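Subject: A structure for you to look through

Hello,

I am handing over the structure we talked about, with its sequence, and below it you will find my notes on what turned up. Please read them with the model open beside you.

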Amino acid sequence: RRRAREHRRAQALAQLAPAVVFIELIDLLRCVRPHDDTWLVASFNTVSNRFVEEGKLGCPACSVEYQIHGGVADFTDGAAQPDCEEQRSHASHRREELATRAGAYLDATESGVTIVLGGLWAHAAQELSELTHTRVIALNPPSGVKESETVGLVRVNDEIPLAAGSAWGVALDAWFPNAIVP
């Protein structure tokens, strides 16, 4: 009971916090344009306790800029994203089950590794992070998924903007049929 009460309290507090990009996540992000792999240069407008709320990520190779707005790094180049919120919302009550499945599926047994969860799987980002002591990057996360020191939020199209070899495992739902995994 105590654990359930603490979990509900943590969820309630997370809903009060603004969405933000944890600054250490930026080191893993890469430009999605076709050229040599290079880091991104960050420019911050609003930062609070190592969380970036507003800013830009720029590529030194091709000069493209990716916005960080409301704490979400946006790699969509303005392309519309399919609205799958209603379908995904039916799974939100199974977050712990999704986390257990994702952890087993991805063999998330090493503390500190980076796991990528896309779409429906992203519902379980915080739970998986807590369960396995991993860092989770939630791609196109449903509303209600919140940023933390161990969960980063990124909006994407087909390319996953991570450095090659930086992810231990990737789980994507049907809304990522053509995703290219680094």
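The accessible surface of the chain comes to about 10,000 Å², and carbon and sulfur atoms account for 49% of that area; such areas are calculated by the Shrake-Rupley method with a 1.4 Å probe, and for residues only the protein chains shown count as cover. Of the 182 residues in the chain, 42% are buried, where buried means under 20% relative accessible area, exposed means over 50%, and partly exposed lies in between (1.4 Å probe, protein chains only).

Please keep in mind that this is a predicted model, in which local features need pLDDT of at least 70 and side-chain atom pairs count only at pLDDT 80 or more, while totals for chains, interfaces and linings use all residues. Residues are numbered from 1 along each chain as its sequence is written, and side-chain values use heavy atoms, with hydrogens and water left out.

The chain has four helices and nine strands, which follow one another from the N terminus as α-β-β-β-β-β-α-α-β-α-β-β-β; these are DSSP runs numbered from the N terminus, helices being H or I of at least four residues and strands E of at least two. If we count contacts (heavy atoms within 4.5 Å) between residues at least 6 apart in sequence, 53% of them join residues at least 24 apart.

As for confidence, pLDDT (the predictor's confidence in each residue, from 0 to 100) averages 78 over the chain, and 75% of the residues score at least 70. Among the elements, helix α1 (residues 2-16) has the lowest mean, 42, whereas strand β4 (residues 65-69) has the highest, 92. Over residues 5-20 the pLDDT stays under 50. Where pLDDT is low, the predicted coordinates should not be read in detail.

The structure also holds four salt bridges, a salt bridge being a side-chain nitrogen of Lys or Arg within 4 Å of a carboxyl oxygen of Asp or Glu. One of them joins Asp 77 and Arg 33 at 3.3 Å, N to O, and this pair links distant parts of the chain, since the two residues are 44 apart, Asp 77 in the loop between β5 and α2 and Arg 33 in the loop between β1 and β2. Another joins Glu 97 and Arg 101 at 2.8 Å, both in helix α3 (residues 95-105) and four residues apart, about one turn of the helix. Arg 101 is partly exposed, at 48% relative accessible area.

Best wishes
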